[in-house]
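Dear colleague,

Please find below the structure that I am handing over to you, together with its sequence. My findings follow directly after it.

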Amino acid sequence: QVQLVESGGGLVQPGGSLRLSCAVSVSIFSINYMGWYRQAPGKEREFVATMHSAGSTNYADSVKGRFTISRDNAKNTFDLQMNSLKLEDTAVYYCYAPFRGTTYWGEGTRVTVSS
């Protein structure tokens, strides 16, 4: 079983930045895919970004050019750097990782963009 724990959420003004981290309970090298979804109030959960262990990345159009997904091997985490945040980025952000046929999810971290 894999445990994922997000951190780094908070309150930020429009145009600001936040960095989310997802700590993984197994070696990050054993994870082939990792990524982030988010769920805004009153909306369905939506895809944000994903990364393959080989380095390829994919982003939702709404965050492309503003968000960057990366992996920190030393910390055994994968991160989401969020720049130029907009009001519509307000949501609970969830990290996920498939592992041996099961997709695991974190509990979520709340990001609020507000002036």
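In this predicted model, R19 stands opposite Q81, a residue of β8. The two strands β3 and β8 pair in the antiparallel sense, and six bridges join them. They belong to an open sheet of four strands, with antiparallel pairing and the order β1-β3-β8-β7. Its edge strands are β1 (4–7) and β7, each of which pairs on one side only. From one strand to the next, the twist averages 20 degrees.

The structure also holds one disulfide. Its partners are C22 and C95, whose sulfur atoms lie 2.0 Å apart. The pair links distant parts of the chain, given that C22 sits in strand β3 (residues 18–24) and C95 in strand β9 (residues 91–99), 73 residues apart. The link of C22 and C95 is right-handed, with 60 degrees about the S-S bond. Both C22 and C95 are buried.

A further point concerns N76, which is placed in the loop between β7 (67–72) and β8 (77–82). N76 counts as buried because its relative accessible area is 19%, and the cut-off for buried is under 20%. A polar atom of the N76 side chain lies 2.8 Å from the backbone oxygen of V26. Leaving aside residues up to four places away in sequence, N76 touches C22, A23, V24, V26, S27 and I28. C22, one of these contacts of N76, is also a partner in the disulfide with C95.

With kind regards

Conventions:
Residues numbered from 1 in each chain as written. Predicted model: local features only at pLDDT ≥ 70, side-chain atom pairs only at ≥ 80, totals over all residues. Heavy atoms only, no water. Buried < 20%, exposed > 50% of the residue type's maximum accessible area, 1.4 Å probe, protein only. Polar contact = N/O pair within 3.5 Å; in protein donor to acceptor, adjacent residues only side chain to side chain. Contact = heavy atoms within 4.5 Å. Disulfide = S-S within 2.5 Å. Pairing = 2+ DSSP bridges. Axes fitted to C-alpha atoms, helices over the stretch in contact; angles between N-to-C directions.
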